Amino acid sequence: MRQGNQHVKKYKKLTEVTALGPPNVRDKVVEKYEAGLGYKKISRALNISLSTIKSIIRKWKEYGTTANLPRGGRPPKLKSRTRRK
């Protein structure tokens, strides 16, 4: 007998501030990658999607960090000093 809507999800949803997850999870991904694990094994071990694993490792290879980087865009019209007034 089936009770309610109790489906087991394949991947646990992260409570994340960014699309790539919290910084401690990103560091774990890099640690496992440096230890020689493949993308699929890391994905299964940490219960994170394969595309997220690929994005984290690509960012780490390109920039050498997993921290959030500043984004481009139009500079603000008002300087921070003018905004405070």
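Is Thr-66 buried or exposed? With a relative accessibility of 10%, Thr-66 counts as buried, because the cut-off for that class is under 20%. Its side chain is joined to the side chain of Asp-27 by a polar contact of 2.9 Å. If we set aside the neighbours within four places in sequence, the residues in contact with Thr-66 are Arg-26, Asp-27, Val-30, Ile-56, Lys-59 and Trp-60.

Helix α1, which covers residues 23-34, packs against helix α3, residues 50-63, at an angle of about 80°, and their axes are 10 Å apart. The two helices are therefore roughly perpendicular to each other. Which residues make this contact? On the side of α1 they are Arg-26, Val-29, Val-30, Tyr-33 and Glu-34, while α3 contributes Ile-53, Ile-56, Ile-57, Lys-59, Trp-60 and Lys-61. Sorted by class, the contact between α1 and α3 holds seven nonpolar residues and four charged ones, with no polar residues.

Moving to another loop, Asn-47 is found between α2 and α3. Although Asn-47 is not a glycine, its phi is positive, at about 60°. As background, most residues other than glycine have a negative phi. Asn-47 has a relative accessibility of 25% and so counts as partly exposed.

Of its 85 residues, 19% count as buried. Among the contacts with a separation of 6 or more, 46% are between residues 24 or more positions apart.

The mean pLDDT of the protein is 80, and 75% of the residues reach 70 or more. Which elements have the lowest and the highest mean pLDDT? Helix α4, residues 80-84, has the lowest, at 73, whereas helix α2, residues 39-46, has the highest, at 95. Over residues 5-17 the pLDDT stays under 50, and for that stretch the model has 13 contacts beyond four places in sequence. Where pLDDT is low, the predicted coordinates should not be read in detail.

Note on methods:
Residues numbered from 1 in each chain as written. Heavy atoms only, no water. Axes fitted to C-alpha atoms, helices over the stretch in contact; angles between N-to-C directions. Helix = DSSP H or I, 4+ residues; strand = E, 2+ residues; numbered from the N terminus. Parallel < 35°, antiparallel > 145°, perpendicular 65-115°, else oblique. Contact = heavy atoms within 4.5 Å. Nonpolar A, V, L, I, M, F, W, Y, C, P; charged D, E, K, R; others polar. pLDDT = per-residue confidence, 0-100. Buried < 20%, exposed > 50% of the residue type's maximum accessible area, 1.4 Å probe, protein only. Polar contact = N/O pair within 3.5 Å; in protein donor to acceptor, adjacent residues only side chain to side chain.
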